[in-house]
Amino acid sequence: MEDKKRKLKIAVWHNLGSGGAKRHLYDLIKCLLKKGHHAEAWCPQTADKNYKPLKDLIKEHTTHLDVKPFLAKKNAFNLYSLTQKKMSAMEEHCKECADQIERGSFDVLYSGSCIFFRVTRIGKYSSIPSVLNLQEPMRKNYEAIFDLPWAGDGPGPKFSKMLRVLPRAIKMFSASKEMTEERNNAACFDRVLANSLYSRESILRAYGIESTFVPLGIDKDLFVRPDVARKSYLVGIGRVDHLKGIDRVIRAVGTIDKAVRPELIWVGDTKEDDYKTRMEALADSSGVKLGFKIAVSDSELIKTVSSAALMVYAPRLEPFGLAPLEAGALGTPVISLAEGGVRESIKDGVNGVLVSESSPQTFGRAIMELLDNTEKLKRLSETSREYVINNWEINISADRTEEILIETADKGKTNG
């Protein structure tokens, strides 16, 4: 039966690195093209165009962004001026992109996030209806797991405190400028999409605007378990940095009896060298055998996850996380701390196990109890793929996104 839905000409903007957000954008565009829509993409040269390259699917325009202020060495006293310069550089980039999009007679703008600002002014300068897919606000300005710019200093000598007042004030004003900018930029879009209910709440807390939950999804045809045997190691997935909670996993595994303590293999798209070095030292001191696989191919990722006994997941306030769904589609059970958006993607007892207590002893005990329960592991392995495919498949996400894009295009430009 012929699909009589309106066919859109979609302009896409992003400044994404490698990882789940770029994978989702790639898979989403692929689905929208199959539905008969036309799309072209715009991005600055700072976007990662090697990982899941959009140019393999559509025309991708690389529009210049002055990166000098982004590369400049910052200190306590030039932070505010550099923030201003970064915003000005991104503003010029967005103006140029919007002008090019305007000349292309597009129906709607679909904007991804930005590695520098999360939300840019592309929605403000676009004359067409616009939709923002927002992974998360700029977390460093809102969450106490970072050094919050307005947090006061602890006890200390009065003179020492006075020396820190000016740098702290500059940092605070710089963060305030960023926060105001992002809040205003987000309000310029006609629709804002959130990737989880948790993210929707985070966006409301940070920006004071309503957003629409649209589930993310995985490509069921890509994540198919190969014919490989299960091994005894644990696997973790995610870029190698503090937010992904690799230290939490290492400490938990380190509490398991040495005689049965499993090896941990971590697969990451990118890494922070200093954090990776610290994690290797932590693993060594904890008696945990740790190996990293960085920037591997999809086939290597799938083989590594499919061969693992279990996937362990403990990121800090992850807004959603595609990794547990990818593991689930491969029939690899996931054990995770019940924190952030993962509480929505993991259904306890169906495609994994949620652990409410974050102490290493409790998490480590939960890992070992699941490894020892071969019957439960087998059941989770059998039920996880069906659950993921029925609830978190990319076509489900694409169908909902398509509806919103058509609704937004038909309604016309209302913000900006």
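Which residues make the nonpolar surface patch of about 410 Å²? They are Y80, W150, M172 and F173.

## Before we dig in

This is a predicted model, where local features need pLDDT of at least 70, side-chain atom pairs count only at pLDDT 80 or more, and totals for chains, interfaces and linings use all residues. Residues are numbered from 1 along each chain as its sequence is written, and side-chain values use heavy atoms, with hydrogens and water left out.

## The nonpolar patch

Back to that patch. To join a patch, a residue needs over 30% relative accessible area and no salt bridge; nonpolar side chains (Val, Leu, Ile, Met, Phe, Trp, Tyr) are joined within 5 Å, and like charges within 9 Å. The areas come from the Shrake-Rupley method with a 1.4 Å probe, and for residues only the protein chains shown count as cover.

Take Y80, one of the patch members. Y80 sits in helix 3, residues 79-103 (helices are DSSP runs of H or I with at least four residues, strands are E runs of at least two, and both are numbered from the N terminus). Y80 counts as partly exposed because its relative accessibility is 33% (buried is under 20%, exposed is over 50%, and partly exposed is in between, with a 1.4 Å probe and protein chains only).

## Rings meeting rings

How many aromatic pairs does a search of the whole structure find? It finds 5. Rings of Phe, Tyr and Trp (its six-membered ring) pair if their centres lie within 6.5 Å; planes under 30 degrees apart are stacked, over 60 edge-to-face, and the rest tilted. Y142 and Y207 make an edge-to-face pair, with 6.4 Å between centres and 80° between planes. Y142 is in the loop between strand 5 (130-134) and helix 5 (158-187), while Y207 is in helix 6 (residues 197-207), so the pair ties together parts 65 residues apart in sequence. Y142 is partly exposed at 26% relative accessible area, but Y207 is buried at 1%.

Ring pairs also link F70, F116 and F117 into a cluster.

## Salt bridges

There are 34 salt bridges in the structure, each being a side-chain nitrogen of Lys or Arg within 4 Å of a carboxyl oxygen of Asp or Glu. D410 and R6 form one, with the closest N and O atoms 2.2 Å apart. D410 belongs to helix 14 (residues 394-411) and R6 to the segment before strand 1 (9-15), so this pair ties together parts 404 residues apart in sequence.

K244 and E318 form another, at 2.8 Å from N to O. This pair links distant parts of the chain, 74 residues apart: K244 is in the loop between strand 8 (234-237) and helix 7 (246-254), and E318 is in the loop between strand 11 (310-313) and helix 10 (323-329). Are these two buried or exposed? K244 is buried at 9% relative accessibility, and E318 is buried at 10%.

R400 and E403 bridge at 3.1 Å, and both lie in helix 14, 3 residues or about one turn apart. Finally, K5, K35, D399 and E402 are linked in a salt-bridge network.
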